[in-house]
Each structure stands twice: as C-alpha cells, then as structure tokens.
Amino acid sequence: MAVIALAGCSGAPGVTTSALALLLSWPLESGRRMILAECDPDGGAVLHGLLQGTLGDRYGLRNLSVAARRGEFSDAFWRQLIDLSGEGSEQQSPRDRLLLPGITDPVQAPSLGSVWKILGQMFRGIEAESAHDVLVDIGRRGAFGPSGVLAEQADAVVVVVRNTLRCLQAAEGRVRALEERIGDVSVLMINEGPYPAGEVQRVLRVPVLATLPHAPKDARVLSDGAEQPRHFTKSPLMKAAGTAGNLLIQRAAMRRARLDPQGPRPGGGEVARAR
C-alpha cells in the first residue's frame with residue numbers, strides 16, 4: 001500500500017506527535033500492519049516521550065548499524081520494533097502498530113551512514129511483500145544528506161506545517177528544496193494559526209492534503225506520555241488522524257501509479273522477511 005515520509009521544518013511543527021497519531025489511527029485492512037520508523041538524524045522522541053523512558057535504550061535505530069556490519073540487518077530490524085497497538089486503547093494488542101525508535105543523540109547519526117540505504121530498501125520490501133504500511137519520520141533534516149534516500153524511496157513525502165506566520169515562513173524554503181530533490185510534495189496542516197488551508201496552499205504552492213486540530217492536551221499524551229483523557233481514541237485529534245491516514249494512502253497510490261505505471265517495484269528479497 002504505502003511508504004510515506006513525514007518531514008518537518010523549523011518552528012516545532014509537531015512531526016513526531018502527528019506521526020504517532022497517524023500510527024495509532026491508521027485505517028488498517030485485515031491482515032495488514034503499520035510501522036512508524038523514527039529516522040530523524042536529530043534524534044527520536046518517542047522513547048522518552050510517549051514511553052517515558054520505561055524501555056531504556058534497548059531498542060532503536062542505533063542498534064542497526066552494528067547489525068548491518070555483521071550482515072544481520074533483517075533479523076535485527078524486526079527485533080527492534082516495539083508494539084504500540086495497545087496505546088490509547090483498552091483492547092488486547094494485535095501487534096499491528098509497531099515502532100522503530102530513533103537514535104537518542106544526534107552524535108549517533110554519523111554511524112548510520114550505510115544504514116539509511118538499507119532501511120529504504122527494507123521499507124520497500126516489507127511494504128510489497130509482508131503486508132505492512134510504513135510511516136517514516138524524517139524530521140527537519142532527514143530529507144537531506146545521507147538519510148535523504150528515505151524520502152527518495154517513499155511513495156509520498158508530506159511536510160507537517162502549522163498555519164502560523166513563523167512556521168509558514170520556515171516551511172516555504174523547505175518545501176521548495178524538497179520539490180527540487182524529490183518532486184511533488186504535499187502538506188499536513190496543524191490548525192493552530194489564523195490561516196485557512198486555501199491560504200496555506202497559495203503561500204506554499206503545494207496541496208494541503210489533510211488537517212489535524214491543534215489539541216495540546218491530547219497531543220501531550222503522544223508527545224510526553226501524559227495521562228490519557230477519557231475517550232482519547234475518539235478525540236477530534238485521533239479522528240482527524242484516521243481521516244488523514246486515508247488521504248495519505250490515496251495520495252501515495254496516485255503518486256506511485258503516476259511514477260511507476262507498470263506496477264509495484266520488485267520486493268526487497270531477504271530484507272523483507274516478515275516477523
């Protein structure tokens with residue numbers, strides 16, 4: 001179905017919080033699973049945010065660089081995934097919403113130079129062969145430099161933008177740079193500011209694909225592990241994230257069909273083995 005990269009810009013647009021809302025609300029068809037990979041070279045936020053440091057640093061992207069040198073990348077990848085299926089829900093976990101935590105310190109990023117390309121191939125392979133959708137949080141810098149291959153390999157690249165003047169000014173240059181490197185991009189708008197989606201589209205000259213409400217109390221559940229309000233899964237934020245997920249899937253399918261009209265790319269072979 002889809003490999004989708006979420007990019008940010010300066011001004012704290014809320015990429016990781018939006019990515020978590022999408023992960024937990026993603027409209028999964030029967031038998032499919034969803035992976036959120038924190039691939040921000042500036043460092044991940046979920047281990048010490050939503051998960052409140054309860055898992056330490058046993059899981060994460062940094063462990064894959066050693067595995068890649070040993071030729072054990074595929075097995076190591078599946079061992080690094082954390083089950084978030086039960087987050088925000090009282091239902092028994094079906095292990096269908098999974099997290100690959102990011103690095104815990106930006107100084108670890110240089111050690112991942114060879115990992116980004118392998119990850120890009122991995123994401124394409126498991127999407128094609130193992131019934132997984134993949135959401136890749138590439139943060140502010142991840143679309144550029146060595147990790148930029150993840151954006152290039154994605155079916156769609158979406159920039160998370162708050163509709164405030166400060167964020168729109170920062171986003172304009174980022175959107176132009178992404179278009180130059182990747183082609184067409186779109187926007188996921190956080191509705192915090194005064195500018196409607198039509199105005200954001202006019203300023204950035206790209207489509208606003210979906211909008212999430214500015215809901216600080218609900219967002220803190222995802223960003224900081226705050227106590228969940230009652231009916232959190234039915235909150236406006238999570239409902240909007242479910243709608244946004246459908247729109248992202250449609251966007252990815254349309255872009256893939258346009259760029260690859262002959263059908264899906266070949267699978268990733270050995271790296272795509274499901275667990």
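This is a predicted model: local features need pLDDT of at least 70, side-chain atom pairs count only at pLDDT 80 or more; totals for chains, interfaces and linings use all residues.
Visitor: What is the relative accessible area of E199?
Guide: E199 lies in helix α7; helices (H or I, at least four residues) and strands (E, at least two) are DSSP runs, numbered from the N terminus. Buried means under 20% relative accessible area, exposed over 50%, and partly exposed in between (1.4 Å probe, protein chains only). E199 is therefore partly exposed, its value being 27%.

Visitor: How are α6 and α7 oriented to each other?
Guide: Axes are lines fitted to C-alpha atoms, for helices over the stretch in contact, and angles run from 0 to 180 degrees between N-to-C directions. The axes of α6 (residues 165-182) and α7 (residues 197-204) come within 10 Å and cross at roughly 50°. Angles under 35 degrees count as roughly parallel, over 145 as roughly antiparallel, 65 to 115 as roughly perpendicular and the rest as oblique. The two helices, α6 and α7, are therefore oblique.

Visitor: How many charged residues does the contact of α6 with α7 have?
Guide: Ala, Val, Leu, Ile, Met, Phe, Trp, Tyr, Cys and Pro count as nonpolar, Asp, Glu, Lys and Arg as charged, and the others, Gly among them, as polar. By class, the contact of α6 with α7 has six nonpolar residues and no polar ones, and the number of charged residues is two.

Visitor: What is the relative accessibility of R205, and of H231?
Guide: R205 lies in the loop between α7 and β8 (208-213), and H231 in the loop between α8 (216-224) and α9 (236-259). Phi of R205 is near 60°, a positive value in a residue other than glycine, and phi of H231 is likewise near 60°. R205 counts as exposed at 54%, and H231 counts as exposed at 56%.

Visitor: Which residues does Q153 touch, not counting residues up to four places away in sequence?
Guide: Q153 is in helix α5 (residues 148-153) and is partly exposed, with a relative accessible area of 30%. Beyond that stretch of sequence, the residues that Q153 touches are G120 and R124.

Visitor: Which residue has its backbone nitrogen 3.1 Å from a polar atom of the side chain of Q108?
Guide: Q108 is placed in the loop between β4 (97-100) and α4 (115-129). Leaving aside neighbours within four places in sequence, Q108 is in contact with R62 and I103. The backbone nitrogen at 3.1 Å from the Q108 side chain belongs to T104.

Visitor: How many of the 11 residues of helix α1 are buried?
Guide: The buried residues of α1 include V15, T17 and S25. Helix α1 (residues 15-25) is largely enclosed by the rest of the structure, because the number of buried residues is 10.

Technical notes
Residues are numbered from 1 along each chain as its sequence is written. Side-chain values use heavy atoms; hydrogens and water are left out. A polar contact is a pair of N or O atoms within 3.5 Å; within protein, one must be able to donate a hydrogen and the other to accept it, and residues adjacent in sequence count only if both atoms are side-chain atoms. Contact means heavy atoms within 4.5 Å.
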